[in-house]
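Biologist: Can you put the model up? I'd like to go through the fold and then the charged side chains.

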Amino acid sequence: MSLNGLPLALTTAGERVEVTAIAGSQDMRKRLGDLGVIVGKSLQVIQKETGGSMVVAVGETRFALGQGMAAKILVSPLKDRKEARGECKAEGPCGRRSGRRGWFR
């Protein structure tokens, strides 16, 4: 398993991220999987305490994680959904000009 990404423990409140890997025991990965935390799933950091514990949301489900478990969940920043789907309204998709002539006519 490739371990790439930033530990969830280093993210900030309000940040949306995607799970890239989970380090730890098989029991821990099973427990996180039961909560919906699996590779490829997006989650949002709802609240982060000074000691490292945090409240995260996966879909409509919210739960608390301790610092140790949060350090073993590796994540990457999630792009803005509109940008990821190419729905931005500036010059073509997300500010890029279209190669076709007459795109805005």
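This is a predicted model: local features need pLDDT of at least 70, side-chain atom pairs count only at pLDDT 80 or more; totals for chains, interfaces and linings use all residues.

Biologist: Which strands pair with strand 6?

Modeller: Strand 1 (residues 6-7) is one of them, antiparallel to strand 6 (residues 73-77) over 2 bridges. Strand 2 (residues 16-22) also pairs with strand 6 in the antiparallel sense, over 5 bridges.

Biologist: And what is the bridge partner of P7 in strand 6?

Modeller: L74 is the partner of P7. L74 is also the bridge partner of A21.

Biologist: Switching topic, what share of the residues counts as buried?

Modeller: Of 105 residues in the protein chain, 25% are buried. The accessible surface is about 7,100 Å², and carbon and sulfur atoms account for 49% of that.

Biologist: Now the charges. How many salt bridges does a search of the whole structure find?

Modeller: The search finds 1 salt bridge. K30 pairs with D34, with the closest N and O atoms 3.2 Å apart.

Biologist: Where do K30 and D34 sit relative to each other in helix 1?

Modeller: They are about one helical turn apart, because 4 residues separate K30 and D34 in helix 1 (residues 26-35).

Biologist: Are K30 and D34 buried or exposed?

Modeller: Both K30 and D34 are exposed.

Terms used: Residues are numbered from 1 along each chain as its sequence is written. Side-chain values use heavy atoms; hydrogens and water are left out. A salt bridge is a side-chain nitrogen of Lys or Arg within 4 Å of a carboxyl oxygen of Asp or Glu. Buried means under 20% relative accessible area, exposed over 50%, partly exposed in between (1.4 Å probe, protein chains only). Accessible areas come from the Shrake-Rupley method with a 1.4 Å probe; for residues, only the protein chains shown count as cover. Two strands pair if DSSP finds at least two bridges between them.
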